[in-house]
Amino acid sequence: MAGPDAELAATLQPDVPHAARIWNYWMGGKDNFPSDRAAGDAVAEVYPEIVLMAQQSRVFLVRAVRHLAAEAGIRQFLDIGTGLPTMQNTHAVAQSVAPESRIVYVDNDPMVLVHARALLANTTSEGVTTYVPADYHDPEQILAEAAKTLDFDKPVAVMYMGVLGYEPDLAVVRSIVGRTMDAMPSGSYLVLWDGTNTSPAVVSGAQRLARSGGVPYILRSPEELESCFDGLTMVQPGLVPIPRWRPEDPDAVGIDAYGAVARKP
């Protein structure tokens, strides 16, 4: 590896647990190190459902993106905090429905940037897939860069998929989401899910993650997550545990992660 990717790779710390790599491990990926697996196993000891949460988060993404592309006619997606590529990424799902779809991935993680080329290489010839290195705390920078690929005169699906817990202040989270959605035209959508503090076990898991050297992650109540959708119209079934968002299985289990899709009037 040479050039900018080599410089980025040199900044990686394989002996320090890394949030994106831990999540990759829980999802069954291979882009992780022993430190990540140790931290992931420590969480799973007290909260085994974390593996199911990771898997179900991708199922929710697939259902939400497919709904927006196939039923709502959305052709533009802004995926903020994308993490490491695994399987059935946003562009693959959207472009399987509408090959002309345009996707912008955003992340500020050097390791994600190293892997970004894998996301960009397998886009359709009709569509566009790009990557913006930016922090979600700076929506204005994200919007300026995304505008080079997306047309903000047409509806956009903005996605925050299990990433907003890295910001401890709910008011800041709401500001981030609000400033981003304010720039979107009518007919745009917000897709958001996050871990919730809805069981003692998941709270213990979050505490164990922090003690294992992972970046602390703030779990919020469903009511707090719902406040991020203020001013938007929820798509049925509203904010629910992610396995229960338009499931194929009517007996889908509930987990400590809630998500929703909502339309900007």
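Biologist: What share of the chain's accessible surface belongs to carbon and sulfur atoms?

Modeller: It's 53% of about 11,400 Å², with areas from the Shrake-Rupley method and a 1.4 Å probe, and for residues only the protein chains shown count as cover. Mind you, this is a predicted model, where local features need pLDDT of at least 70 and side-chain atom pairs count only at pLDDT 80 or more, while totals for chains, interfaces and linings use all residues. Residues are numbered from 1 along each chain as its sequence is written, and side-chain values use heavy atoms, leaving out hydrogens and water.

Biologist: How do you know that the radius of gyration agrees with a compact globule?

Modeller: The rule is 2.2 Å times the number of residues to the power 0.38, taken over C-alpha atoms. For 265 residues that gives a value near 18 Å, and the chain has 18 Å, so the two agree. The C-alpha trace spans about 50 × 45 × 35 Å along its principal axes.

Biologist: Why is Ser-221 called buried?

Modeller: Buried means under 20% relative accessible area, exposed means over 50%, and partly exposed is in between (1.4 Å probe, protein chains only). Ser-221 has 16%, so it counts as buried. Across the chain, buried residues make up 52% of the 265.

Biologist: Where is Ser-221, between which helices?

Modeller: In the loop between helix H9 (200-211) and helix H10 (222-226); helices are DSSP runs of H or I with at least four residues, strands are E runs of at least two, and both are numbered from the N terminus. Leaving aside neighbours within four places in sequence, Ser-221 is in contact with Thr-196 and Asn-197, where contact means heavy atoms within 4.5 Å.

Biologist: What makes a set of residues a nonpolar core?

Modeller: They must be buried Ala, Val, Leu, Ile, Met, Phe, Trp, Tyr or Cys residues joined through side-chain atoms within 4.5 Å. The largest such core has 45 residues, and Met-53, Leu-68, Phe-77, Val-191 and Val-261 have the most contacts inside it. Helix H4 (residues 49-70) supplies the largest share of this core, ten residues. A second, separate core of 32 residues includes Tyr-136, Val-177, Leu-190 and Leu-232.

Biologist: Which residues is Leu-68 in contact with, leaving aside its neighbours within four places in sequence?

Modeller: Gly-73, Ile-74, Phe-77, Ala-157, Tyr-189, Val-191 and Val-261. As a general matter, nonpolar side chains tend to be buried together in soluble globular proteins.
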